[in-house]
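Colleague: I have a chain to go through and some questions about it. Can you put it up?

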Amino acid sequence: MSDSADSRESVNFLEAIIREDVEAGLHGGRVLTRFPPEPNGYLHIGHAKSIALNFGLAARFGGKTNLRFDDTNPAKEEQEYVDAIIHDVRWLGFEPARILFTSDYFEQLYEWAVALIRSGKAYVDFSTPEEMAAQKGTPTQAGIPGPYRDTTPEENLALFHKMQAGAFREGECVLRARIDMAHPNMHMRDPIMYRIKHAHHHRTGDRWHVYPMYDWAHGQSDSIEEITHSICTLEFAPHRALYDWFIEQLGIFPSRQYEFARFNLSYTVMSKRKLLQLVTEGHVRGWDDPRMPTISALRRRGFTPESIVDFATRIGVTKRENMIELSLLEYCIREDLNRRALRRFAVLDPLRVIISNYEEGREEWLESENNPEDTDAGHRLLPFGRELFIEQEDFMEDPPSKYFRLSPGGMVRLKSAYIIRCDGVDRDAEGKVTALRCTYFPESRSGQDTSGLKPKGVIHWLSVPHSRVAEVRLYDRLFTVEDPSAESDFRQVLHPESLVIKPDARIEPALADTRAGDKFQFTRLGYFCTDPDSTLEKPVFNRTVTLKDTWAKVADR
């Protein structure tokens, strides 16, 4: 993908619409968008795209964006989700012009429903869901009027007030708009406006027994706030005619709905139902499990808000649903962390190295850069001594050709330190290698090398007595196939090694005291961040992403 300014700044169709409206002086050239989540779960990467789009478009034209909670289903809503959503929006770098709730407008919506009833454009229907479905017909067959469609406005008004007073059971009746049962758009065939819910609302308590459907609450809430451009995902395109009809009948501010396509992310599910299954069935540790696509999970894994907004910008705005490669999101975080993450040494699977010709009890402190991409990041000192740890995978007794790490008789450079040669190995009773016996070359010190030796490999290391034990959690993709939602049971393609825990990893002293969310590049291993579970006694780090796209090789096999 090109990083050129032209490709990144190309005008999408929504921006073109808004620009035309602004230039035409529509609504006085004012732009006000909104992001309207339901407070019944945690936001995911798809919501991040919508947030970035709504706030970004408004800001581009000097406008603002409201955060409005669509809190019309009290049975599934909690203050916990409200707080989490506000936190996520702000963490992504956006500040709402106003934080609002559809429940702020319940009184007004009720009054407007009464107005439609009085004008004969809404009625109370006692038909069962099955009866209403039969009455609506099919996309190729017109619907038929139900038995309650011609009830007088006076009777409907009395019944609606009784609904709100709690006189009927849940599901016993609904309020429907009276539009056209033969309309070619199925959403215009007398849609439901209100249903009965005897549930406690997290903001209004027990005051209401009727709650508005999304199609009724959506456009009217937009109108109340004088939203100029109501941006929705593509599945709401067939609802636009109903959105416009309600506004026209009420004669209120003419908000306008526009649609763009949502996206799917490879090796991921974003269905709220499926994500809930993963949590409730114990496949993940919770909504913020770093394998989940929720914003809270991405934050815990070590993703930055900048990388997520960059991803949302790169995938663009389209009118056709598509599959976006997870590798693009991983690319965005690699690019960001490469610039800002401090480099540190960690050894995940330690193998002891004993330098035979290094004096016992001696130690020295060697300088290593903090970030070669940032000249202002400076350097740190690493302790070096007779006994070191290296990665077990950095030694092979019988290496293949072009293996440039350590092997018997072979040499390698220890990064920021010396060149060493493996002279022998120690074994346990089962014959397993437990330690390497090596020689170091004093004249080969990094930055002062006069040895003339030219080993082809460079590996990282740690001083045994100075290193600290840490838990390192290696997170990977949660599924083994690109489109798990296409499977008959998405749980059957869960990746069995999506989390591998290294409980006895070793870290350099500079990593011993970090805060949750601190981000690092573990040299040669990947990008990591400190987990909230971390303590001074037992630091815990999460792998954010590998240094390279290891899945590209798997996909090519």
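Predicted model: local features only at pLDDT ≥ 70, side-chain atom pairs only at ≥ 80, totals over all residues.

Colleague: How many helices and strands does the protein chain have?

Modeller: The protein chain has 14 helices and 27 strands.

Colleague: Is it compact or spread out?

Modeller: It is more spread out than a compact globule, because its radius of gyration is 31 Å, well over the 24 Å that the globule rule gives for 557 residues. Along the principal axes, the C-alpha atoms fill a box of roughly 100 × 55 × 45 Å.

Colleague: And what share of the residues is buried?

Modeller: Buried residues make up 53% of the 557 residues. As for contacts between residues at least 6 apart in sequence, 71% of them join residues at least 24 apart.

Colleague: Now the arginines. Where does Arg-291 lie?

Modeller: Arg-291 is in the loop between α10 (272–280) and α11 (295–301).

Colleague: Buried or exposed, this Arg-291?

Modeller: Arg-291 is buried, because its relative accessible area is 14% and the cut-off for buried is under 20%.

Colleague: What does Arg-291 touch, apart from its neighbours within four places in sequence?

Modeller: Its contacts include His-283, Val-284, Arg-285, Tyr-475, Asp-476 and Ser-498. With Ser-498 there is a side-chain polar contact of 3.0 Å. Tyr-475 is 184 residues away from Arg-291 along the chain, yet their C-alpha atoms are separated by 6.6 Å.

Colleague: On to Arg-334. Which helix is that in?

Modeller: Arg-334 is in helix α13, which covers residues 326–340.

Colleague: Which side chain of opposite charge is nearest to Arg-334?

Modeller: That is Glu-330, 4.3 Å away. Arg-334 is buried yet has no salt bridge; the cut-off for a salt bridge is within 4 Å.

Colleague: What else is around Arg-334?

Modeller: Not counting residues up to four places away in sequence, Arg-334 touches Tyr-527, Val-545, Thr-546, Leu-547, Lys-548 and Asp-549.

Colleague: Last topic, cysteines. How many disulfides are in the whole structure?

Modeller: A search of the whole structure finds zero. Cys-422, for one, is in no disulfide, and the nearest cysteine sulfur, that of Cys-438, is 4.6 Å away. A disulfide needs the two sulfur atoms within 2.5 Å.

Colleague: Why does Cys-422 count as buried?

Modeller: Because its relative accessibility is 1%. Cys-232 is buried too, with a relative accessible area of 4%.

Technical notes
Residues numbered from 1 in each chain as written. Heavy atoms only, no water. Helix = DSSP H or I, 4+ residues; strand = E, 2+ residues; numbered from the N terminus. Buried < 20%, exposed > 50% of the residue type's maximum accessible area, 1.4 Å probe, protein only. Lys, Arg positive; Asp, Glu negative; His and termini not counted. Contact = heavy atoms within 4.5 Å. Polar contact = N/O pair within 3.5 Å; in protein donor to acceptor, adjacent residues only side chain to side chain. Rg over C-alpha atoms; globule rule 2.2 N^0.38 Å.
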